[in-house]
Amino acid sequence: MPDSLLVFYGGTFDPVHNGHLAIARDARDALGCAIRFMPAADPPHRAPPGADAAQRAEMLALVLDGEPGLQLDLRELHRDGPSYSVDTLRDLRAEYGDAAPIALLVGADSLLGLPTWREWTVLFDLAHFIVAERPGNALDGPLPPALAEATDGRWADGPQALREAPAGRLLRLHQPLHPGSATEVRRRIAAGEPWRDLVPAVVAAHVARHGLYGLHGPATPASL
Ligand SMILES: Nc1ncnc2c1ncn2[C@@H]1O[C@H](COP(=O)(O)OP(=O)(O)OP(=O)(O)O)[C@@H](O)[C@H]1O
Ligand SMILES: O=C(O)c1ccc[n+]([C@@H]2O[C@H](COP(=O)([O-])O)[C@@H](O)[C@H]2O)c1
């Protein structure tokens, strides 16, 4: 049976870490539908990734292999230029039609940054947002005024509301907080500090095999 809610989890995944995986599993279980990881080709808003798109996608493929309900969607890698979400969502609408419920899964930091995204107010016409809480990114306090105005009246009580409309609702995922970040993974690798416990074992093996993120020379006990 096809999913009644299509959920896409966009990110740079440079590299995919345990926080990403935990959030995707929580969203899958809370929503009862597949989560499609969608790596960005050329992030519009940040420095070039430390690993190229093929490597980031390969690490995702390794992690998602055999993981029920977690899938890989490479559409943004097949498009030239920056991976603006508004373009991706128009692409998804062309594929699935205007009536299909479509959602983007984002962390709280991404939601708070939404007003900087290209054509950001149009995004609510194209998709729902599922928001994972993230340490240091409060959703309980007042949102920035433009975001508060744009999201007013859109918050849903539960997943069913997302299945009943194609777009325009927000759902907060009250999952256990996870402190992980790709920045911290890259920083620890470059600094020769322990980093393997932050990522799935298959990602650690890939990073080590290809010497990514400044992992130089033979492994030392501290870098393992
Ligand atoms: N620990 C986490 N808790 C909640 N959301 C997260 C967490 N890590 C990543 N996310 C969310 O996952 C999406 C993709 O994140 P991204 O690939 O940029 O990882 P990141 O750890 O934030 O990377 P970086 O540190 O390089 O900015 C974003 O919406 C981000 O908010
Ligand atoms: O479309 C935009 O302008 C835009 C700006 C910032 C982030 N995004 C998307 O948000 C997702 C998470 O981004 P990031 O930088 O946290 O990996 C990813 O799918 C990005 O393409 C999109």
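Predicted model: local features only at pLDDT ≥ 70, side-chain atom pairs only at ≥ 80, totals over all residues.
**Strand β5**

I began with β5, where His128, Ile130 and Ala132 point one way and Phe129 and Val131 the other way, and all are buried. For my notes, buried means that 20 or more other C-beta atoms lie within 10 Å of a residue's own, exposed means 12 or fewer, and partly exposed is in between, with C-beta atoms placed from the backbone. Helices (H or I, at least four residues) and strands (E, at least two) are DSSP runs, numbered from the N terminus.

Residues are numbered from 1 along each chain as its sequence is written, and chains are lettered from A and ligands numbered from 1 in the order in which they are written.

Next I looked up the partners of β5, taking two strands as paired if DSSP finds at least two bridges between them. β4 runs parallel to β5 and is joined to it by 5 bridges; Ala103 has His128 as its bridge partner there. β6 (residues 170–173) also runs parallel to β5, with 4 bridges, and Phe129 finds its bridge partner in Leu170.

**Strand β2**

Which way do the residues of β2 point? Ile35, Phe37 and Pro39 go one way and Arg36 and Met38 the other way, and I found all of them buried. With 5 of the 5 residues of β2 (35–39) buried, this strand is largely enclosed by the rest of the structure.

I then followed its pairings. β1 (residues 6–11) and β2 run parallel and share 5 bridges, with Met38 as the bridge partner of Gly10.

**Around ligand 1**

Which residues come nearest to ligand 1? Of the 18 around it, they are Gly11, Gly19, Gly107, Ala182 and Thr183; a residue counts as near if its C-beta atom, placed from the backbone, lies within 6 Å. I see at least two shell residues from each of α1 (18–31), β4 (102–107), α4 (108–112) and α8 (182–191). The largest share, 3 residues, comes from α1.

**Two domains**

The chain is divided into domain 1 (6–173) and domain 2 (182–223), with bounds from an automatic or database domain assignment. Their centres, taken over C-alpha atoms, are 26 Å apart. I found 14 residues of domain 1 in contact with 13 of domain 2 (contact: C-beta atoms, placed from the backbone, within 7 Å). On the domain 1 side, α1 and α2 (53–64) each supply at least two residues, and α2 gives the largest share, 5 residues.

**Ala150**

My last stop was Ala150, in helix α6 (residues 145–151). Ala150 is partly exposed, with 17 other C-beta atoms within 10 Å. Leaving aside neighbours within four places in sequence, Ala150 is in contact with Thr121 and Phe124.

Technical notes
Contact = placed C-beta atoms within 7 Å.
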